[in-house]
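User: I would like to learn how to read a structural model feature by feature, with the general idea stated before each case. Could we work through this one together?

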Amino acid sequence: MKFILITKDAEITKATEGAFQPEDELLIFPDWAPALEACEDADLLFVDLLATLEKAHKIAGYEKFAEAKMDHPVASATPLVLISAPDDYELDFMAGFPNFVFAHLRRPVTYKIFRRASTWV
């Protein structure tokens with residue numbers, strides 16, 4: 001299986017260690033544009049909401065990512081698992097797109113959560 005993770009958070013990256021099967025492929029990107037290009041044959045795309053923000057607390061960066069993913073010829077078909085912002089992180093607002101998010105993970109994201117998520121597909 002192939003998994004893509006978009007994050008700039010070292011703790012989230014660390015939580016992936018050993019969570020996937022040895023034969024699985026996990027690609028980690030700090031920015032979403034190259035991650036979308038890597039979605040060929042990907043089974044799940046994990047995205048840390050905070051990694052998509054261009055300005056702190058402004059959801060516009062996430063919306064830009066969402067629109068790019070929906071328009072992408074390959075990544076549009078890859079199921080998205082959204083990693084939420086911390087509970088105390090304020091956003092100006094949150095927009096939703098019908099059928100865009102396959103699953104939603106709350107922080108803190110742990111090894112156990114990634115391990116479980118790897119069985120969803």
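Analyst: The structure holds 6 salt bridges, where a salt bridge is a side-chain nitrogen of Lys or Arg within 4 Å of a carboxyl oxygen of Asp or Glu. This is a predicted model, in which local features need pLDDT of at least 70 and side-chain atom pairs count only at pLDDT 80 or more, while totals for chains, interfaces and linings use all residues. Residues are numbered from 1 along each chain as its sequence is written, and side-chain values use heavy atoms, with hydrogens and water left out.

User: Which side chain meets K8 in a salt bridge?

Analyst: The partner of K8 is D31, with an N to O distance of 3.6 Å. K8 lies in the loop between β1 and α1 (10-15), and D31 in the loop between β2 (25-29) and α2 (32-37), so this pair ties together parts that are 23 residues apart in sequence. Helices (H or I, at least four residues) and strands (E, at least two) are DSSP runs, numbered from the N terminus. For accessibility, buried means under 20% relative accessible area, exposed over 50%, and partly exposed in between (1.4 Å probe, protein chains only). K8 is exposed, at 53%, and D31 is partly exposed, at 40%.

User: Where in the chain do E54 and K64 lie?

Analyst: The side chains of E54 and K64 meet in a salt bridge at 3.2 Å, N to O. E54 sits in the loop between α3 (49-52) and α4, whereas K64 belongs to helix α4, so that the pair links distant parts of the chain, 10 residues apart. E54 is exposed, with a relative accessible area of 55%, and K64 counts as partly exposed at 47%.

User: How should I read the two faces of a strand, and which residues of β3 lie on each side?

Analyst: In a regular strand the side chains alternate between the two faces of the sheet. In β3, L44, F46 and D48 are on one side and L45 and V47 on the other, and all of them are buried, which leaves both faces covered.

User: Which strands pair with β3?

Analyst: Two strands pair if DSSP finds at least two bridges between them. Strand β1 (residues 2-6) pairs with β3 in the parallel sense over 4 bridges, and I6 has V47 as its bridge partner in β3. Strand β4 (residues 80-83) also runs parallel to β3, and 4 bridges join the two; here the bridge partner of F46 is V81.

User: Which residues form the nonpolar patch on the surface?

Analyst: Patches are made of residues with over 30% relative accessible area and no salt bridge, with like charges joined within 9 Å and nonpolar side chains (Val, Leu, Ile, Met, Phe, Trp, Tyr) within 5 Å. In this model M1, F102, W120 and V121 form such a patch, with about 350 Å² of accessible area together, the areas coming from the Shrake-Rupley method with a 1.4 Å probe and, for residues, only the protein chains shown counting as cover. F102 is found in the loop between β4 and β5 (103-105) and is partly exposed, with a relative accessible area of 45%.
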